[in-house]
Amino acid sequence: MVMAGIAGKSRQPSFCLVAKPAKSVFAAPRSAKREGSRMKNYRDGGEAVLEAFRRLKIDYIMSSPGSEWSPVWEALVRQKLGKARGPAYIDCWHETLAVNMATGYTLMTGRPQAVLLHAGVGLLQGGLGIHGALQAEVPMIVMSGESQTLGENPSLDIEPQWYGGLSVGGAERFVENITKWSRQVTSPYTLHEMVIRAGEMARQTPMGPIYLNVALEHMLHEWTPPPDDREIPPAPRLEPDSGDVAKVADLLLAAKNPVVVAEQSGRDPRAFTALVELSDLLALPVTSGRGAYYANFPTEHPLYLGSASYQHLDDADLILLVGGRSPWYPPRRRPGTGKIVAISDNPFKTDMIYQNLHADLYLGGDIAASLRLLAQAAGAAKLDAEPVKRRREKWSRAHDAWAAGLNAERANAQGDGKGVEPLALLGALGEILPPDTIYVDETITHGQLLRQHLPFRSPQSFFRTYGGLGQGIGTALGIKLATDRPVALLVGDGGFLYNPVIQSLGASRQHALPILIVVFNNRGYMAMQKGHVHHYPDGAAVAADMHLGSRLDGPDYAAMGSHFGFHGERVEDSGKLKAALRTAMTKVREGTTAILNVVLSR
Ligand SMILES: Cc1ncc(C[n+]2csc(CCOP(=O)(O)OP(=O)(O)O)c2C)c(N)n1
Ligand SMILES: [Mg+2]
């Protein structure tokens, strides 16, 4: 059970009983009894917002606050004192963190959360996370406020900071391009239903963040709950047309060499499982798409061919592209010799300026449902067992060869003695971390290696952050808020420094969210250097070995958790790596975050 306001965590989908306010928000609470006699009952727009969150069954309000939120805080305190059920309040010291925690939590649970930021300024600061949520199709309600009366209403004493720049008159325009929908709340009378509508819209496919700019005046305005207190229904799940399913099933049954490329489907654990079932039934080999940000298929499954193992597509006579976003590169390069079927609830990503899936056919609607319907249709047909058996044997051999290749690669990776070889680090992670570990990836030049070498055995074992750098820690904390599974963030040294590090570590302690952070420290923005050399192989920078924008003289990463009593260790010697990982995981199990600064050879 989650305590209101706080540090507790929702191990289950927790629409929780509010019991204990967070110290950070409700400083020195006076006795409710004494308070009760003097307390005025403000039933206002703050209650309208909170009641909307309750009706949407939002578990958490993630907030990096501003003074427009006192009406909601009032309502939260009333919720607590009245022992009513409702969202818990999570205080964050940075907006990116607040948005990212909501993103992480929703990636795990599928349920949208609320994020309360401050005016236009806080919204801008949260923009990186909001943009990431748009790309990741993560539903959430983001709100911030401004003043409309600006001190000129003699009967409403608005604090002076709202005049003089804080109210920009339409902060929703700041995020028009990075939200699914952003508007001003029109009045105190529409506020409650607009928040409910925002929640319902956010979780409709394509899912994404919805922003509401709500005037402080609307929230201070008296509010009467509407007579309509309907139960808010879940978003409908759309299934593909049965004719389309039959068509694709026929293609599948006729194909001699069908291959699956799964890119973003594994975000939904049901789709992960449904793909295993379909693939098992027809002996379909699966490779993860080059832009995979999720674990889509068990990496140890005999039909798994690895990440972006596109050599197997050359003579594929049918490709099932499951949850495709940017699978082919360059985009004009069309793989295979036959048809490409795109299976997706949202094949066209409108946050992308350009996309070419080369789809000949679409199977629209819920991916898990599509895969199940395909399996049903194929299962109902008279399958010729012999070719399926041969196919299974062939691909199982290919899987074994792939796995053996990776093992050999790791075994042969000696490094140059100047730091830990990245493959040794990946091998050690796979060996030492518990099998159900959830990896959150915010590395750059090690990203492809990591997707190839780490084991993802079950759904939700891998998440990569969308959008700009600086979101890994918050996303990992949001994921941890939703699960008891161990969570490990793998992040480049450059990427780490884009994160609100201190603020995030503070949230880890305050809300009891222990994670392992492994800094892939190659002492620089190596991607920048590689990019420069790519375009100017014979240029001045190469000749002079003078690389601007790529060297990083970073801080002592391992010591950064010391402010919160967290464990940290710098590892430069491969021989000490496994012991360091074991110690760090022990600390995480004991309840504190651990930072390993692994100095790499490349
Ligand atoms: C917010 C943001 N700013 C800048 C960039 C540009 N950028 C892409 S990769 C990169 C370097 C990251 O360095 P690091 O995490 O150490 O990875 P490495 O390149 O060393 O593998 C930068 C700065 C970005 N992606 N996001
Ligand atoms: Mg680096």
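**A guided reading of the predicted chain**

The chain has 19 helices and 18 strands, where helices (H or I, at least four residues) and strands (E, at least two) are DSSP runs numbered from the N terminus. Its radius of gyration is 26 Å, close to the 25 Å that the globule rule gives for 602 residues, so the chain is as compact as a globular protein of that length. Here the radius of gyration is taken over C-alpha atoms, and the globule rule is 2.2 Å times the number of residues to the power 0.38. Along the principal axes, the C-alpha atoms fill a box of roughly 80 × 60 × 45 Å.

This is a predicted model, in which local features need pLDDT of at least 70 and side-chain atom pairs count only at pLDDT 80 or more, while totals for chains, interfaces and linings use all residues. Residues are numbered from 1 along each chain as its sequence is written, and chains are lettered from A and ligands numbered from 1 in the order in which they are written. The pLDDT, which is the predictor's confidence in each residue from 0 to 100, averages 93 over the chain, and 94% of the residues score at least 70. Over residues 1–36, however, the pLDDT is below 50, although this stretch has 79 contacts in the model beyond near neighbours in sequence. Two residues are in contact if their C-beta atoms, placed from the backbone, lie within 7 Å. Where pLDDT is low, the predicted coordinates should not be read in detail.

The chain is divided into domain 1 (40–220), domain 2 (238–397) and domain 3 (413–599), with bounds that come from an automatic or database domain assignment. The C-alpha centres of domain 1 and domain 2 lie 39 Å apart. Between these two domains, 6 residues of domain 1 are in contact with 4 residues of domain 2. The side of domain 1 that touches domain 2 has 3 nonpolar, 2 polar and 1 charged residues. In this classification Ala, Val, Leu, Ile, Met, Phe, Trp, Tyr, Cys and Pro count as nonpolar, Asp, Glu, Lys and Arg as charged, and the others, Gly among them, as polar.

Attention may now turn to single residues. Ser 144 is found in strand 4 (residues 140–146) and counts as buried because it has 29 C-beta neighbours inside 10 Å. A residue is buried if 20 or more other C-beta atoms lie within 10 Å of its own, exposed if 12 or fewer, and partly exposed in between, with C-beta atoms placed from the backbone. Leaving aside residues up to four places away in sequence, the residues that Ser 144 touches include His 118, Ala 119 and Asn 213. Ala 119 is itself found in helix 5 (residues 119–136), and its phi is near 45°, a positive value in a residue other than glycine. Asp 545 also has a positive phi of about 45°, but with 6 C-beta neighbours inside 10 Å it counts as exposed.

The ligand remains to be described. Of the 17 residues around ligand 1, Thr 445, Gly 468, Gly 492, Gly 494 and Gly 495 come nearest; a residue is near a molecule if its C-beta atom, placed from the backbone, lies within 6 Å of it. Helix 15 (493–498) and helix 17 (526–535) each supply at least two residues of this shell, and helix 15 gives the most, with 4 residues. By class, the shell divides into 7 nonpolar, 9 polar and 1 charged residues.
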